[in-house]
Amino acid sequence: MNATVPFLDLITPHADLEAELIEVFRTALHSAAFVGGESVSNFEQNFVAVGSGTDALRFALLAGGVRPGDTVLTVANTFIATAEAITQVGAYPEFIEVDERSYNMSAEKLHDYLELCAIDVRTGARISRRTGLPITALLPVHLYGQVADMDGIAQVAEKFQLLLFEDACQAHGAEYFSKRNERWCKAGSMGKAAAFSFYPGKNLGACGEGGAVTTSDAQLAREMRMLRDHGQASKYYHDRIGYNGRLDSIQAGILDVKLKHLAQWTKLRRQAAARYNTLLASIPEIILPFVPEESRPVYHLYVIRVNHRERVQSQLSKSQIGTGIHYPVPIHLQRAYAELGYKKGDLPVTEMLSAEVLSLPMFPQITETDQEKVAEELAKAVSSQAQPVF
Ligand SMILES: *Cc1c(COP(=O)(O)O)cnc(C)c1O
């Protein structure tokens, strides 16, 4: 039992699909359709395909009406791209504390914060207590593949007349039971627009970069199609200043092939998560992922919490078990965002999570034997903490 358990296996799924994926490349070579063309339009039936998740976020915010000088409320325990997209449209990110159990944006704390903000008498907008600028939009993140409390957040958005977007970059196919809509809703279907990433390690991953925006607003979709292509309305006629944010044809073809397997891969991830839940239930030092009744997560990551995380992680690494930390430094404490003026202690729950979270190996093809080994080594690693180091 000395086999390695990788954190993520990106080889097996591609080996299984090798013939189909090579065919995608052959088609592109033979048609010379590398950018645009049939494989992109085949892939993007119900969304706008773009170059990355970050592009998707930026275009969604831009087309959705976020303007330079606006403040957008989001969370700090996310990948930095969530905040970067806000900054890149000329707006300012401001971070709302997260729920201690779900790790997602807390609708209560969001509401309480907005209640405290002054109102601009001319526009009716709430003025951020931090930036002094109008708050115009919300960008919750469906962290680790679990949808945030969208009923609560949508209610706040309505009350304070804020645009609502979703960062669904980790949540392909995740579901949420909306009491307001009285049905299960998919991640990416509840905001004005939502961003997905097809970065290789995501639940649906390209063999390179890719992303997509979902929206039910046809006008928004049209604008995003222009934004991703230099603001081009027709060839060499540019109606606005845009970007080079296109998905290339080979990636679209690859994603089209892989999309057909996503439901099965999600099922396998859920089975793997259920096995971890059982295997780890008897280890009192570990806090397991919390899944609210209204949530069907897709386990982009399976994240536990432990004390002395670095020691546990390095012990697992010595036993050939790969793990990850998502994320070690919350955005409000990143050097890149120092000018926002946050300090340690401003978001205690977020900061506590960043010190304790540990992502275990999670991918559709993980075996029961791998998971048993992870559980065994984890039990040893957390119990050995009681002993002195020297
Ligand atoms: C991956 C990710 C992004 C960015 O996606 P890219 O495709 O890498 O640009 C944004 N937000 C979250 C939460 C992510 O996990």
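In what order do the seven strands of the open sheet lie? In this predicted model, the order is S1-S11-S10-S7-S6-S2-S3, and the pairing is mixed. Strand S1 (48-50) and strand S3 (92-95) are the edge strands, each pairing on one side only. On average, neighbouring strands of this sheet are turned by 30 degrees against each other, direction ignored.

Within the sheet, strand S10 (residues 193-197) and strand S11 (residues 211-214) run antiparallel and are joined by four bridges. Across this pair, Ala 195 stands opposite Val 213 in S11.

## Overall form

The protein contains 13 helices and 16 strands. Its C-alpha trace spans about 65 × 60 × 40 Å along the principal axes.

Gly 191 lies in the loop between strand S9 (183-186) and S10. Its relative accessibility is 17%, and buried means under 20%, so Gly 191 counts as buried. Gly 191 and Ser 216 are 25 residues apart along the chain, and their C-alpha atoms are separated by 9.2 Å.

## A nonpolar surface patch

Phe 25, Leu 29, Phe 34 and Val 35 form a nonpolar patch on the surface. Together these residues have about 360 Å² of accessible area. One of them, Phe 34, is placed in the loop between helix H2 (18-31) and helix H3 (38-43). Phe 34 counts as partly exposed because its relative accessibility is 36%.

## Backbone features

Most residues other than glycine have a negative phi, and most peptide bonds are trans.

Glu 182 is not a glycine, yet its phi is positive, at about 55 degrees. Glu 182 is found in the loop between strand S8 (175-178) and S9, and with 67% relative accessibility it counts as exposed. Tyr 299, also a residue other than glycine, has a positive phi near 50 degrees. Tyr 299 is located in the loop between strand S14 (295-296) and strand S15 (302-305), and at 11% relative accessibility it counts as buried.

The peptide bond that joins His 326 and Tyr 327 is cis, with omega about 10 degrees. Tyr 327 belongs to the loop between helix H11 (309-318) and helix H12 (348-356).

How values were computed. Residues numbered from 1 in each chain as written. Predicted model: local features only at pLDDT ≥ 70, side-chain atom pairs only at ≥ 80, totals over all residues. Heavy atoms only, no water. Patch = residues over 30% accessible without salt bridge, like charges linked within 9 Å, V, L, I, M, F, W, Y side chains within 5 Å. Areas by Shrake-Rupley, 256 points an atom, 1.4 Å probe, with all protein chains shown as cover. Salt bridge = Lys/Arg side-chain N within 4 Å of Asp/Glu carboxyl O. Helix = DSSP H or I, 4+ residues; strand = E, 2+ residues; numbered from the N terminus. Buried < 20%, exposed > 50% of the residue type's maximum accessible area, 1.4 Å probe, protein only. Pairing = 2+ DSSP bridges. Axes fitted to C-alpha atoms, helices over the stretch in contact; angles between N-to-C directions.
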